[in-house]
Amino acid sequence: MENFKVTLDRIEEGAAVLLVRDDETVKIDIPLFLLPAGSKEGDILDITIARDTQETEDAKERVSSLLEKLKNKNRE
Amino acid sequence: MRPPQLIAIIFCLALVLIAAGCTGPEETPLETTSEQMAPTINTQNTVTLSGQNLTVHFLDVDQGDSILLEIDGKSMLVDSGESDQGKVVTAYLQDQGISTLDYVVATHPHSDHIGGMNDILNNFQVERFVDSGYSHTSKIYENMLTTIDTKNIPFEVVRAGQTIDFDPAVDIEVLNPASAYSDELNENSVVLKVTYGNTSFLLMGDAGLESEENIMEAGYDVDSDILKVGHHASTSGSGEAFISAVSPEVSIIEVGAGNDYGHPHDEILDRLQKASTVYRTDLDGTIIVTTDGSTYTVTTEKTGTISSRNGAYTSTDSTTEEQSEEYVDSSSTESTVYVGDLNLQDEWVQISNTGSPPVSLNGWKIEDEGNKHTYTFQSYTLKAGTTVTVFTGKGTNSATELYWQLDNPIWNNDGDTAYLYDDSGKLISKLES
């Protein structure tokens, strides 16, 4: 799990400009609607990114079985 | 040389003090103040006659602002671009032979305006620092304040109605932030009206409609020759009433090519183009305005475009030395047409016209490195302030898009140069990509 803090530096045309603390040389533009309601300029946000292994495995399984199904269909 | 100049400056200072003494400097509405200042403007002419130029550089710092003012060996920097532009601004100032900055102004604490400040504070002797006084939580702002504190740089918060004593011959009035701060950082931008003789500049920072309204309500004389457009010409500012009151002859937009925010906005660009000649750092590179107090000249990095008020321009050393290596001597034609962009991957080249007259491109040619391929324009007129995109491939020509109709790509993705020749075969512009 990755965890970092960003400064909501400004809002430009519906995009929130986030600066990754403390260095703040990395800039992330993200649609404002993806942020918690009420987020505003000057807010410091805590961002957590977790790998969802369950969701990944599920998606892999679904797609593989779909692929297999289509392959078999063509064989018939 | 030195003593008479000193005497002139002391003389001006004395008059400024006398003029200031006649009125209450703090509470006087500005219109009255500027009338009271009239005697000093007369004495400015004696300084102007000594041959001093005020040079204002609008630096190309991608998406962000940075403006350098120079007169009589003194310099003022307004904003410093994003963090990654601090080095660019530092190098530019060093190229101008600057080691001391008499003033540094942070219009407001957004990173595209103050990101490069630490580079500036660490590379130059800064005599005074001017801030909007409206704080921000970013580390960039905090680090800037820490550096100012550590280096004991005199720090000053300015509000509307104050003046900045940069040079005796130059009036700098602060028009914003208002006495009550807005909730938005942009609207608390330090807005400066810079007047040198008959030439005036209005530097808007990122101030928008709210500030424009406050400034007009307060009765400031906003009429200016050169406008640094607020907030990269987004729809947050440059309202119709304000632009009409400013009635600029030249509008300068500091904006990054292909920025993510749709700056400049079409509607605002259209409004500015109807009112003035528009220059943009994304198309023109760094833009330099030089004035002797009666006339001014505009020089741009990419084209060496030179225009002037009253047609009074004569070539001077100061303008020729500003021109970059990309400058192409177009002698007397004062070409306003140039190669604005070249996309090697997507195979297109853009030609722009920043002048006010439309230009017929009939017979003009585009060539690549080594003149391996040539595109010749048919009857096509590039309207004022517009850009045409010439695609290598096949397609149907329109008012803004032309097609070379070739089967294969021609621009070398490892690097290539687009050359633009006029109908007489003279090289007008080139762009290396």
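I began with the pairing of β9(B) and strand β10 (residues 191-196) of chain B, which I found to be antiparallel over six bridges. The model I am reading is a predicted one.

I then looked up one residue of this pair. For E173(B), the bridge partner in β10(B) is K193(B).

I noted an open sheet of six strands in chain B, with the order β9-β10-β11-β12-β13-β14. The pairing within this sheet is mixed. I recorded β9 (170-176) and β14 (277-280) of chain B as the edge strands, since each pairs on one side only.

Helix α10 (residues 266-275) of chain B does, and I listed its contacts as β12 (226-228), β13 (250-253) and β14 of chain B. I noted that the direction of helix α10 makes about 130° with that of β14(B).

I counted 12 helices and 27 strands in chain B. Chain B has 433 residues, and I found 55% of them to be buried, that is, under 20% relative accessible area. I put the accessible surface of chain B at about 18000 Å², with 47% of this belonging to carbon and sulfur atoms. Lastly, I considered contacts in chain B between residues at least 6 apart in sequence: 61% of these join residues at least 24 apart.

Terms used:
Residues are numbered from 1 along each chain as its sequence is written. Chains are lettered from A and ligands numbered from 1 in the order in which they are written. This is a predicted model: local features need pLDDT of at least 70, side-chain atom pairs count only at pLDDT 80 or more; totals for chains, interfaces and linings use all residues. Side-chain values use heavy atoms; hydrogens and water are left out. Two strands pair if DSSP finds at least two bridges between them. Helices (H or I, at least four residues) and strands (E, at least two) are DSSP runs, numbered from the N terminus. Contact means heavy atoms within 4.5 Å. Axes are lines fitted to C-alpha atoms, for helices over the stretch in contact, and angles run from 0 to 180 degrees between N-to-C directions. Buried means under 20% relative accessible area, exposed over 50%, partly exposed in between (1.4 Å probe, protein chains only). Accessible areas come from the Shrake-Rupley method with a 1.4 Å probe; for residues, only the protein chains shown count as cover.
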